[in-house]
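Grab your viewer and work through these exercises. Try each one yourself before reading the solution.

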Amino acid sequence: MSTLVYFAYGSNMSSARIRHRVNSASVVSAAHLPEHRLRFHKKSIDGSAKCDIEHTNRPSDRVYGVVYTIHRSEKRLLDACEGLGNGYEEKDVGIYLPDGKVITANTYYATHIDPSLRPYHWYKEHVLRGAREHALPGNHIAMIEAIESVADPDPSNHTAELSIYCELD
């Protein structure tokens with residue numbers, strides 16, 4: 001079966017989160033994308049902020065994330081979960097594996113942004129769990145931890161979103 005290489009930098013870094021969405025997701029490696037920075041400013045349909053990779057053209061900027069392969073037949077599922085065409089678009093990027101090898105991967109970037117928004121606590125938790133699970137650099141994890149998040153107005157969303165971790169905890 002044909003696969004697609006996907007670079008996750010937000011909530012999909014969490015293996016439990018992406019596999020809940022796309023069953024075929026298989027971890028390849030941690031990686032980084034140069035000349036970008038992680039932002040929590042993508043305007044979500046739920047009124048909160050989600051992650052984005054903002055292109056900066058500065059070689060010292062990098063976004064850390066996780067490379068997955070997914071079956072091409074499930075790409076439309078991931079597109080639907082991510083809101084492709086509704087706030088996110090996709091592009092192919094050159095990402096660096098820990099050994100310095102550069103590979104091309106598909107990823108999403110935000111087209112609808114609002115810097116005044118904050119992520120919900122549950123969304124930030126997905127991002128942090130993924131970053132820790134894949135042992136991303138400590139300074140990157142600290143940057144995510146420092147992001148201000150807010151409570152979801154519907155507490156049942158918080159419980160439902162994080163229920164995928166119950167078997168792991």
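This is a predicted model: local features need pLDDT of at least 70, side-chain atom pairs count only at pLDDT 80 or more; totals for chains, interfaces and linings use all residues.

**Exercise 1.** Cys51 and Cys166: is Cys51 buried or exposed, and is Cys166 buried or exposed?

*Solution.* Buried needs a relative accessible area under 20%, exposed needs over 50%. Cys51 comes out at 0%, so call it buried. Cys166 comes out at 56%, so call it exposed.

**Exercise 2.** Work out which residues of helix α4 are buried, and where they sit around the helix axis.

*Solution.* 
- Step 1: α4 spans residues 138-145, and its buried residues are His140, Ile141 and Ile144.
- Step 2: look down the axis of α4. The buried residues fall within an arc of 100°, so they line one face of the helix.
- Step 3: check the face turned away from that buried side. You'll find the exposed residues Gly138 and Asn139 there.
- Step 4: ask what does the covering. The cover over the buried residues of α4 includes β3 (36-43), β5 (62-71) and α3 (121-133).

**Exercise 3.** Which kind of aromatic pair do Tyr6 and Tyr108 form, and which kind do Tyr88 and Tyr108 form?

*Solution.* 
- Step 1: there are six aromatic pairs in the structure. For Tyr6 and Tyr108, the ring centres are 5.9 Å apart and the planes meet at 70°, so this pair is edge-to-face.
- Step 2: Tyr6 is in strand β1 (residues 3-8) and Tyr108 in strand β7 (residues 102-110), so the pair ties together parts 102 residues apart. Both Tyr6 and Tyr108 are buried.
- Step 3: now Tyr88 and Tyr108. With 6.2 Å centre to centre and 55° between the planes, this pair is tilted. Tyr88 lies in strand β6 (residues 88-96) and Tyr108 in β7, so here the linked parts are 20 residues apart in sequence.

**Exercise 4.** Which lysine lies over the face of Tyr88, and which over the face of Tyr109?

*Solution.* Over Tyr88 it's Lys42, 4.6 Å from the ring centre. Over Tyr109 it's Lys91, at 5.3 Å from the ring centre.

Key:
Residues are numbered from 1 along each chain as its sequence is written. Side-chain values use heavy atoms; hydrogens and water are left out. Buried means under 20% relative accessible area, exposed over 50%, partly exposed in between (1.4 Å probe, protein chains only). Helices (H or I, at least four residues) and strands (E, at least two) are DSSP runs, numbered from the N terminus. The arc is that of the directions from the helix axis to the C-beta atoms. Contact means heavy atoms within 4.5 Å. Rings of Phe, Tyr and Trp (its six-membered ring) pair if their centres lie within 6.5 Å; planes under 30 degrees apart count as stacked, over 60 as edge-to-face and the rest as tilted. A charge sits over a ring if NZ of Lys or CZ of Arg is within 6 Å of the ring centre and within 35 degrees of the ring normal.
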